[in-house]
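Me: I have a structure open and want to go through it with you. Can we start where the chains meet?

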Amino acid sequence: MGESVSARAAPDGTAPIARNPDAPGVRLRKRAIVKIGLLVLLAIFLPPFFDDRYLTTIFISVVFFGILGAIYDLMVGYAGLNNFGFAGVLAIGAYSSALCQLNFGTSAWSGLLIGGGVAGAIGLLTGLITLRLRGLYLGLMTFFVGETIRLTISNLPQYTRGTLGLTVAPFENILGLDFSRGANPLNYYYLLVVLGAAIMLFMNWLVRSKAGLVWRALKEDETAARTLRLRATRWKLLNFTIASSLTGVMGSFYAHYLGVLSPLPSEFGVGRTVEVLTVAYVGGRGTLWGSFFAAALLIGIQEYFRGLGAWRLVLFGVLLILVMIFVPKGLARFKRLLQ
Amino acid sequence: MDWSMLADPDILMVLTLQGLVRGAMYALMGIGLSLIFGILGVVNFAHGELFMLGSYVMYLVVSILGMPFYFGIAAAAIVVFGCGVLIERGLIEQLRRRAGRDWISDSFVLTIGLAVVLQNLAHLIFSSRQYGVAELVEGSVPFGDMEISVERLAILGFACLAVLLLWTFMKFTRIGKAIRAAAQNAEAAETLGIDVRNLFTVTFGLGAALAGVAGALLISIYPASPTVGAEPLLKSFAVVVLGGLGNVSGAIAAGLLLGVLEAFTIFVASDGWQNVLTAYLVILVLLLRPAGLFVMQGKRA
């Protein structure tokens with residue numbers, strides 16, 4: 001299946017989305033499986049090897065941002081849709097799960113589904129009103145939808161406690177695993193890895209399915225795709241809704257992991273969107289897995305230079321600028337140099 | 001909330017004036033953003049940081065060097081113009097040259113990176129402290145039970161002056177005419193011998209300078225700090241959408257309209273809700289009239 005996808009999506013072999021057009025598909029897949037396997041083994045065994053609270057929380061943020069970056073990539077890298085209101089969708093997932101737990105006593109576990117469902121519905125709605133617009137209008141519209149969500153949360157303190165912060169209960173203990181606040185964060189890490197693996201496998205399948213093909217066709221040339229009688233808006237809507245729903249699941253995880261929600265710009269506003277977007281762009285658009293390398297690199301830089309204060313954010317911005325100008329394909333471009 | 005207060009002409013007058021002052025800033029920011037979009041096609045996410053630069057320059061000139069405030073405004077215009085030129089030549093042109101067809105959405109992301117850099121550089125240099133100037137002009141004008149400060153009126157006056165200067169520049173100078181020509185059709189302008197590359201740079205500088213002037217003018221209301229640009233940025237996006245992307249006169253009208261609307265919202269509801277109202281309004285306009293409020297449907301500005 002792998003080779004037929006790249007062959008059909010890029011008849012002239014120049015499209016940037018073709019994974020590795022010169023390598024034979026079978027060998028590539030074998031190699032990919034080995035690499036992903038190594039990555040998964042690393043993800044499973046590295047954190048307990050250190051078993052250090054601080055390091056574990058860093059591993060958690062690497063995986064968390066890696067997943068978010070990959071979800072963003074599903075939109076921008078495969079369908080060419082930029083959601084500048086991404087953090088707003090994350091907020092919807094987080095708050096819907098937290099508020100249901102608080103008001104209706106639902107468990108945090110069902111909260112993952114609630115977060116995903118509500119965020120998916122909001123994503124569908126946002127998509128319905130925005131996806132008719134193209135390019136910059138879409139970017140601006142999603143930007144304002146995101147801000148609207150955040151500001152609405154912020155201005156309804158009677159329900160959400162606004163900027164005072166909403167306290168959220170952790171995941172309930174399950175299968176003998178302790179998820180309470182004082183417990184070892186490794187349990188949260190493994191929960192995240194399981195969640196991430198499910199999401200990544202799903203998205204990996206998705207971009208190789210018919211839907212993935214259609215999205216790439218739309219991204220390359222929407223007019224041409226429309227002349228082939230592809231219903232552009234519907235396919236984009238599918239992409240947008242799926243991505244929003246997955247984001248909502250992650251938002252719900254975030255709420256119960258973190259314990260306190262506040263609609264600040266750095267949490268659920270432009271700041272957060274910029275972080276995720278940087279991870280996706282630096283990782284390389286249209287690569288999905290590249291996000292994890294970018295997240296590891298960026299969060300590694302951030303933690304290593306913690307003493308530098310604001311300098312690390314300057315570094316972040318400079319990196320984003322350099323990537324945009326000189327390496328628009330992101331880290332994934334260097335992958336081939338290593339092979 | 002006592003709605004009958006809105007029937008009081010003095011209150012109406014003061015609210016409208018306050019709204020116009022607010023709106024003048026939105027308009028200045030919006031015009032700059034719109035100008036840049038209209039000519040270069042770039043949505044400048046770092047526009048709020050140019051506002052911030054202007055306010056720091058104002059503080060340095062007025063409070064540290066002790067010069068009169070109009071020097072500060074002029075200095076802000078010149079310095080931020082220079083920054084705009086550097087940004088266009090150093091970054092945006094590089095991107096345009098290297099990236100292909102999709103460079104427009106890439107440029108959005110590029111300016112996001114730039115905004116992060118500028119904001120945190122300001123943080124490093126000036127820390128997160130707020131640097132304000134107490135009052136540029138003293139005194140106030142009474143309206144019945146309420147009053148409005150002379151300073152606010154002065155801000156409104158200077159904003160009008162800046163717009164008037166820009167209008168004169170665009171209408172009567174060679175460069176201004178060339179910019180308007182390029183806005184209509186950049187390729188045709190190039191064929192007629194206009195150096196579009198330099199034009200892009202000048203336009204970006206001009207748009208930046210307007211943001212700088214806005215930052216300088218409003219220093220007593222928005223003291224200089226690294227994050228001061230966030231709200232003006234949000235509002236200038238709103239203005240540009242309401243007025244129509246790339247439509248400069250639409251930005252002026254939309255800016256003033258939005259300012260007055262917000263002044264009334266703050267009075268009727270409470271502080272904070274004006275931002276919600278603006279965001280909903282923008283979404284509504286994008287849905288129903290994506291070309292902007294003031295454009296005949298189907299006609300491009």
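**Chain A and chain B**

Reply: Arg285(A) and Asp106(B) form a salt bridge, with their closest N and O atoms 3.0 Å apart. Keep in mind that this is a predicted model.

Me: How many salt bridges are counted between chain B and chain A?

Reply: The count is one salt bridge. As for polar contact, two residue pairs across the interface of chain B and chain A meet the rule, both at pLDDT 80 or more.

Me: Which helices of chain B each supply at least two residues of the side that touches chain A?

Reply: Those are helix 3 (69-98), helix 4 (103-126), helix 9 (230-243) and helix 11 (273-288) of chain B. Helix 4 of chain B gives the largest share of that side, 15 residues.

Me: And how do the residues on that side divide into nonpolar, polar and charged?

Reply: On the side of chain B that touches chain A, 29 are nonpolar, eight are polar and three are charged.

Me: What area is buried between the two chains, chain B and chain A?

Reply: About 3600 Å², and carbon and sulfur atoms give 81% of that area. In residues, 40 of chain B are in contact with 35 of chain A.

Me: Take helix 14 of chain A. What length does helix 14 reach?

Reply: Helix 14 of chain A covers residues 290-304, which is 15 residues. From first C-alpha to last it reaches 21 Å, close to the 21 Å expected at 1.5 Å a residue.

Me: What do the buried residues of helix 14 of chain A pack against?

Reply: They pack against helix 3 (53-76), helix 8 (186-208), helix 13 (270-283) and helix 15 (311-326) of chain A. The buried residues of helix 14 include Phe292(A), Leu298(A), Ile299(A) and Ile301(A), and also Gln302(A) and Glu303(A).

Me: Is Leu288(A) buried or exposed?

Reply: Leu288(A) counts as buried because its relative accessibility is 1%.

Me: Next one, Asn239(A). Where does Asn239(A) lie?

Reply: Asn239(A) lies in helix 11 (residues 232-258) of chain A. Asn239(A) counts as buried because its relative accessibility is 0%.

Me: So what does the side chain of Asn239(A) reach?

Reply: The backbone oxygen of Leu74(A), at 3.1 Å. Beyond neighbours within four places in sequence, Asn239(A) is in contact with Leu74(A), Met75(A), Ala79(A), Leu81(A) and Trp215(A).

Me: Last stop, chain B. Which helix holds Ile252(B)?

Reply: Helix 10 (residues 248-268) of chain B.

Me: What does Ile252(B) touch, not counting residues up to four places away in sequence?

Reply: Ile252(B) touches Ala27(B), Ile31(B) and Val163(B).

Terms used
Residues numbered from 1 in each chain as written. Chains lettered and ligands numbered in written order. Predicted model: local features only at pLDDT ≥ 70, side-chain atom pairs only at ≥ 80, totals over all residues. Heavy atoms only, no water. Helix = DSSP H or I, 4+ residues; strand = E, 2+ residues; numbered from the N terminus. Expected span 1.5 Å × (residues − 1). Buried < 20%, exposed > 50% of the residue type's maximum accessible area, 1.4 Å probe, protein only. Contact = heavy atoms within 4.5 Å. Buried area = accessible area lost by both parts, 1.4 Å probe. Salt bridge = Lys/Arg side-chain N within 4 Å of Asp/Glu carboxyl O. Polar contact = N/O pair within 3.5 Å; in protein donor to acceptor, adjacent residues only side chain to side chain. Nonpolar A, V, L, I, M, F, W, Y, C, P; charged D, E, K, R; others polar.
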